[in-house]
Amino acid sequence: MEKTSMARLCCLFVIVLATVCDGFYLPGTYMHTYSTGEPILAKVNSLTSIETELPFSYYSLPYCKPPGGIKKSAENLGELLMGDQIDNSPYRFKMNTNESLYLCTTAPLNENEVKLLKQRTRDLYQVNMILDNLPAMRYATQNGIKIQWTGYPVGYASPQSNEDYIINHLKFKVLVHEYEGSGVVLLGTGDETMAVVDEPEKKLNGYEIVGFEVIPCSIKRDPEAMKKLMMYDNVDPINCPVDLEKSQIIREQEQVSFTYEVEFVKSDIRWPSRWDAYLKMEGARVHWFSIMNSLMVIFFLAGIVFVIFLRTVRRDLTRYEELDKEAQAQMNEELSGWKLVVSDVFREPACSKLLCVMVGDGTQILGMAVVTIIFAALGFMSPASRGMLLTGMIILYLFLGIVAGYVGVRLWITIKGTTEGWRAVSWSCSVFFPGIVFVILTALNFVLWGSKSTGAIPISLYFILLSLWFCISVPLTLLGGYLGTKAEPITYPVRTNQIPREIPARKYPSWLLVLGAGTLPFGTLFIELFFILSSIWLGRFYYVFGFLLVVFILLVVVCAEVSVVLTYMHLCVEDWQWWWKAFFASGSVSLYVFMYSINYLIFDLRSLSGPVSAILYLGYSLIMAIAIMLATGTIGFLISFYFVHYLFSSVKID
């Protein structure tokens, strides 16, 4: 019976892992070459908008459906969590064949369809199309400046009238590059199938798709005449844009005819550079200014740390070590500042188990962030593989549970001096942060379910996430905790008295200084945070991971310096309760990150409409702030612990 249960568990694990990794390497990641006249099928993704953060299915609107029915593409874990829903579409191209084709004519629009189309139009929803894994790009000119967008609008409302107009005609421009090569080449049709050709002696000729542009427009056509046509019959081309009186109005009983044109243009762009147009780095000077600003903060704090170590701490310790025993005894009676708390500095802090759990989870998040940013900076996280970044982060987090268990249990043993209770600490590490995220996502998911958005997590994905959590993360965290019990314990350099020393009264609460310390790490982060929030909420590609890596390193340095300075200041005023204050001295940066997110919502996302969108934004921002608090707080605490241990290991006071 046990063997059967274990076999079923192993099978479940394999199925779950296969589901997670499915789509990790998307077909569009590889180069495809097409021969002249070869069919190419475009795909559609979820409808998105900067007005509201609710993605919806493309076919939730009365659009033409493909002849063979709607078929979903394979999606990985990251795509599902981001609300992507990639389906096939009726748009069909033939390589190097310029055409103007008819798709379909809808039935007369009913009241619900008109209401939905107008709502999506006024909320600025975009249709996201994909050809050979390249998103459709649209160019617009505003105030003489050329602006690029991905996707095209569902419709538009003209200021010259009170009517809404639907986009029902698309002019596509496909940029192609002629390819000549030999050897092993990956061939495909843009669909899910690929073939490998290995003919070193034979020259292979074909075309690579290196650009996909779209010009949308609205045109009123005679529905009775269009109904006589079959799908993919030729129609007359259109010069976009057209006058308002010739545009297709959205109103009841209207029949909308959908058509499209395609033009193939040869380009000098090579296949490896085809994403450059999407990943143009904007605001490079601002990124450099952010780094220089962070360096100034680091040098300022480094000067303070230098003074603490070389002029104060080292001077006092050297003078103390040069005295004889009688002079040391006399000096003990005249001790002041941090030396007075020598018998209390390693006293067990309040809520010690919670501190161990938060530090353990912080190391897990920190490790995930370090590995992800380094791999992304080296170019392994290509935007061509949708959802790969988020999928990679989740997998890394799962397997780094062993680090969380090890650090949390080892800190617990150090504080308690015994291994008793390590299982509870390991279990708490495995459920603390994931549990918070799970509760927030569940609450937001009910909101998304109520709105019928594709961003809602399906029930099947819930079971997959729970299986990953309890079949991978929890066992690895318990294993890490077990390894922590076998590691050599950290011993305190001084003994702790049974009776705690009274902390002198202060004119102002020490927590004000701790909360204020978070402004310095935030100063190194907030400029890059603006670009990250813009890429997440305004539908832009964020790919300046090199800058992000530099900013991340500077953030770690500032967090370490701030915590050391604050810990020393508290010890100097005989405040031996430094444990939590060291954690929150750097962890309080999360408070400012969350406040900045609210500021971004109010002033930069003014177009965000409705309470549902605001709730989603604040929920995701809260998850981000909690993760930042655990990661930065862990940095500050571990550095401060090492500093205090080093400082008092040089003191010979009984």
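Predicted model: local features only at pLDDT ≥ 70, side-chain atom pairs only at ≥ 80, totals over all residues.
Local features need pLDDT of at least 70 and side-chain atom pairs count only at pLDDT 80 or more, while totals for chains, interfaces and linings use all residues. Residues are numbered from 1 along each chain as its sequence is written, and side-chain values use heavy atoms, with hydrogens and water left out.

**Overall**

The chain holds 17 helices and 15 strands. Helices (H or I, at least four residues) and strands (E, at least two) are DSSP runs, numbered from the N terminus. Buried residues make up 52% of the 654 residues. Buried means under 20% relative accessible area, exposed over 50%, and partly exposed in between (1.4 Å probe, protein chains only). Among contacts (heavy atoms within 4.5 Å) with a separation of 6 or more, 84% join residues 24 or more positions apart.

| S2 | 48-49 |
| S10 | 152-153 |

They form an open sheet of 3 strands, in the order S2-S5-S10, with antiparallel pairing. S2 and S10 stand at the edges with a single partner strand each, so one side of each is left without a neighbour in the sheet. Two strands pair if DSSP finds at least two bridges between them. Gln126 stands opposite Pro153 in S10.

**Nonpolar cores**

A nonpolar core is a set of buried Ala, Val, Leu, Ile, Met, Phe, Trp, Tyr and Cys residues joined through side-chain atoms within 4.5 Å. The largest has 144 residues, of which Tyr91, Phe93, Met129, Phe172 and Phe648 touch the most other members. Helix H17 gives the most to this core, with 16 residues. Another core, of 10 residues, lies apart from it and includes Ile394 and Leu461.

**Helix H16**

H16 covers residues 589-603. At 1.5 Å times one less than its number of residues, its 15 residues should span 21 Å, and its end C-alpha atoms are 21 Å apart, which agrees. Its buried residues include Tyr592, Tyr596 and Tyr600. The buried residues of H16 pack against H12, H13, H15 and H17.

**Asn45**

Asn45 sits in the loop between S1 (39-44) and S2. Asn45 counts as buried because its relative accessibility is 8%. A polar atom of its side chain lies 3.1 Å from the backbone nitrogen of Gln85. Beyond its neighbours within four places in sequence, Asn45 contacts residues including Tyr58, Asp84 and Asn128.

Note on methods. Polar contact = N/O pair within 3.5 Å; in protein donor to acceptor, adjacent residues only side chain to side chain.
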